[in-house]
Amino acid sequence: MIFDPFPVFLPSEYRVKFATEAWERREAAKLRRQVFCDEQGIFSGDDRDAIDEVAIPIVAISSLGVAPHDVVGTVRIHEPEPGIWWGSRLAVATAYRRMGAIGTSLVRLAVSSANARGCRRFFAHVQSQNALLFQRLHWHTIEETEFHGRPHHFMQADLAHYPPIADAEVGFLSLPKMAA
């Protein structure tokens, strides 16, 4: 009908890359606060911790034409000991969660960029409701546990499914597919 509201416009292209600009890091932190503090209530006020001082933030940035528009997803990776990498704080903006490719693309760049840097094992504590997605991405559960007061799966990536990506600062373009 002519008076029906227009659907929310979501850009149809995004770039997944290391956060190299101050605005990208700032918007990634804002998105993490929205997801982990405001929406899920896991943390009060801010979710930053000591890992942020050494972690590499990764972002998914929506594009309007050729111009970067907004950070719509983020994750961080770090290497606490040589060859052992961890991913954490995977967050996707609410409006973009139906585009299943954003979280998947963030995980892909996280593991593949670590693989290019000598990763021998890659781990994450994954919220239980997301464990099936990670299993589809070739991760396996080591154990079910509680983390930050919530049920999680302690998981490890199968590195054979994540070829090294050496140019993670540039990343890659992706066209999301709408989930049903």
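Here are some notes on this predicted model, point by point.

1. Confidence first. The chain averages a pLDDT of 89, and 86% of the residues score at least 70. Strand E5 (residues 121-127) has the highest confidence, at a mean of 98, while strand E8 (residues 172-174) has the lowest, at 72. Where pLDDT is low, the predicted coordinates should not be read in detail.

2. Now the core. The largest nonpolar core holds 46 residues, and those touching the most other members are Val16, Ile58, Ile102, Leu106, Val111, Phe122 and Trp139. Helix H2 (residues 101-116) supplies the largest share of this core, with seven residues. As background, nonpolar side chains in soluble globular proteins tend to be buried together.

3. A closer look at Val16. What does valine 16 contact once its neighbours within four places in sequence are left aside? The list runs through Ile58, Val59 and Ala60, then Ser105, Leu106 and Leu109, and finally Val170, Gly171 and Phe172.

4. Is serine 112 buried or exposed? Its relative accessible area is 1%, so serine 112 counts as buried, the cut-off being under 20%. Leaving aside neighbours within four places in sequence, serine 112 is in contact with Tyr162, Pro163, Pro164 and Ile165.

5. On cysteines. How many disulfides does a search of the whole structure find? The search comes back with zero. Cysteine 37 is buried at 8% relative accessible area, and cysteine 119 is also buried, at 7%.

6. Arginine 89 deserves a look at its backbone. Its phi is near 60 degrees, a positive value in a residue other than glycine. Where does arginine 89 lie? Arginine 89 is part of strand E4 (residues 84-92). With a relative accessible area of 11%, arginine 89 falls under the 20% cut-off and therefore counts as buried.

7. Histidine 138 has a positive phi as well, near 70 degrees, and again the residue is not a glycine. Histidine 138 sits in the loop between helix H3 (131-136) and strand E6 (139-147). Why does histidine 138 count as partly exposed? Its relative accessibility is 36%, which lies between the 20% limit for buried and the 50% limit for exposed, so partly exposed is the label that applies.

Key. Residues numbered from 1 in each chain as written. Predicted model: local features only at pLDDT ≥ 70, side-chain atom pairs only at ≥ 80, totals over all residues. Heavy atoms only, no water. Core = buried A, V, L, I, M, F, W, Y, C linked by side-chain atoms within 4.5 Å. Buried < 20%, exposed > 50% of the residue type's maximum accessible area, 1.4 Å probe, protein only. Helix = DSSP H or I, 4+ residues; strand = E, 2+ residues; numbered from the N terminus. Contact = heavy atoms within 4.5 Å. Disulfide = S-S within 2.5 Å. pLDDT = per-residue confidence, 0-100.
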